[in-house]
Amino acid sequence: MAARRTGIPASIRSLRKVELHQHVDGSIPLRTQWRLLRRHGLNPVETIDEMRQRLVLQAGEEGSLLSYLDKFHYPLWITQFYENVREAAIAITREAVAHRVEVLELRYSPVIHTYAGLTVRQAIRAVLSGFNHVQKAHPGVRCGLVVIAMRQHGPHIAKILARQAIAEAEHLHERTGVVGFDIAGPEHGNPPRLFREAFEIARKGGLGLTVHAGEAAGPDYVWQALDELGAQRIGHGCTAVADRTLLKRLARDRICIECCPSSNYQTGAVAKGAPHPIVRFLEAGVPVALCTDNTVVSATDQDLEAARIAPQLGRGALAVLRAIHREAAGHSFIGRRGEA
Ligand SMILES: [Zn+2]
């Protein structure tokens, strides 16, 4: 970690940051994963350096969403147990705080953490318990969980999950809670419109609505996320830049695009060397958030995302970055107390 951070200007490190799109499974710090794997005798290799190669996307693996997704199976070996999930959430949150993240939304699909017998609600509570632990030492940091329904599990499971997520909604609890609902997983063949009822349940339950859309599929899926699901934010949304009418709609309705530059270049959602869509979104007046997606898989953090995108933001990049994070805070689902 120390080596990766060298060369980051103090002006970026000292920025107050907002993280709206970060997955638990792809962000569990390497040392934490290694410790948990070894504790349970599950380590498939003998050294942490070999483990790093399996968990972090390697140079030769870039440009393929499949290679990217293949990095997620080892974390699932350990995150089937309450204490491990809690420990992972604590480590991720502490790392975010170290990068001056003051608003942290983590996201996670509880269903894929129930293979060893946890219930969905226990899987959710484990993350919230981790948040609560770190907040004791950092009361100024605001945390919340976005529950993800996996598209490949189908609309019916998504509905069941939405109901269970509501039971842990932030506004029903004294401390941290579930603040949002999302769908993720393979886009093609699983159009957003199929998940309309699940999003209706989540909306009525007071959760914020965000949708992974336009990462692999075209702008029509972003339209569906808005028109059929009532999305208030869009995860990635890269292909929206090809549709001028859609850009106008996103700007008019103040829909925030959760941009994850490193991840997008790594999966091939954005071609290497091409400008990142965040530039076009900013030009079109579309609200954006700068996010990490998966700090471990993408070998990134909030400082690195800012440093990497800064050259594309031109002169005054620092002021632009500051404005992005300030405005992103207004799009966080945390603390809305079920106003939707
Ligand atoms: Zn994502």
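Visitor: How many residues does α16 have, and how far does α16 reach from its first C-alpha to its last?
Guide: This is a predicted model, so every value comes from computed coordinates. In it, α16 has 15 residues and reaches 21 Å from first C-alpha to last. That is close to the 21 Å expected at 1.5 Å a residue.

Visitor: Which residues in α16 are buried?
Guide: Val320, Leu321, Ile324, His325, Ala328 and His331 are buried. Seen down the axis of α16, these buried residues fall within an arc of 130°, so they line one face of the helix.

Visitor: Why would residues a few places apart point the same way?
Guide: An α-helix has 3.6 residues a turn, so residues three or four places apart point the same way.

Visitor: What is on the face of α16 turned away from the buried side?
Guide: That face carries the exposed residues Ala319, Arg326 and Gly330.

Visitor: And what covers the buried residues of α16?
Guide: The cover includes strands β1, β6, β7 and β8, and also helix α15, residues 302-309. As a whole, α16 (residues 317-331) lies across β1, β2, β6, β7 and β8. It runs at about 60° to β1.

Visitor: Now the sheet. What order do the strands come in?
Guide: There are 8 strands in an open sheet, in the order β1-β2-β3-β4-β5-β6-β7-β8, and the pairing is parallel. The edge strands are β1 (17-23) and β8 (288-290), each of which pairs on one side only. From one strand to the next, the twist averages 25°.

Visitor: What do strands pair through?
Guide: Strands of a sheet pair through backbone hydrogen bonds, either parallel or antiparallel.

Visitor: Take β2 and β3. How many bridges do they pair over?
Guide: β2 and β3 pair in the parallel sense over 6 bridges. In one of these pairings, Leu106 has Leu145 in β3 as its bridge partner.

Visitor: Where does α8 lie?
Guide: Helix α8, residues 120-137, lies across β2 (101-108), β3 (142-150) and β4. It runs at about 165° to β3.

Visitor: How many bridges join β4 to β5?
Guide: 2 bridges join β4 (residues 178-184) to β5 (residues 208-213), and the two strands run parallel. Gly180 has Gly208 in β5 as its bridge partner.

Visitor: Which residues of β5 point which way?
Guide: Gly208, Thr210 and His212 point one way from β5, while Leu209, Val211 and Ala213 point the other way. All are buried. The chain reaches β5 from β4 through helix α10, residues 196-204, in a right-handed β-α-β crossover.

Visitor: How many bridges link β5 and β6?
Guide: β5 and β6 pair over 4 bridges, in the parallel sense. Thr210 stands opposite Arg233 in β6. Helix α11, residues 219-227, carries the chain from β5 to β6, and this β-α-β crossover is right-handed.

Visitor: Change of topic. Does the length of α7 agree or disagree with what it should span, and why?
Guide: It agrees, because the 17 residues of α7 (residues 82-98) should span 24 Å at 1.5 Å a residue, and the end C-alpha atoms are 24 Å apart. The buried residues of α7 include Val85, Ala88, Ile92 and Ala96. Just after α7, Arg100 takes a positive phi of about 65°.

Visitor: Last one. Where is Thr295 found?
Guide: Thr295 is in the loop between β8 and α15.

Visitor: Buried or exposed, and why?
Guide: Thr295 is buried, because 28 other C-beta atoms lie within 10 Å and 20 or more count as buried.

Visitor: What does Thr295 touch?
Guide: Not counting residues up to four places away in sequence, Thr295 touches Gln22, Ser27, Thr300 and Asp301. Thr295 and Ser27 are 268 residues apart along the chain, yet their C-alpha atoms are separated by 4.7 Å.

Key. Residues numbered from 1 in each chain as written. Predicted model: local features only at pLDDT ≥ 70, side-chain atom pairs only at ≥ 80, totals over all residues. Pairing = 2+ DSSP bridges. Axes fitted to C-alpha atoms, helices over the stretch in contact; angles between N-to-C directions. Contact = placed C-beta atoms within 7 Å. Expected span 1.5 Å × (residues − 1). Buried ≥ 20, exposed ≤ 12 C-beta atoms within 10 Å, placed from the backbone. Arc of directions from axis to C-beta. Right-handed = clockwise from strand over helix to strand, strands pointing away.
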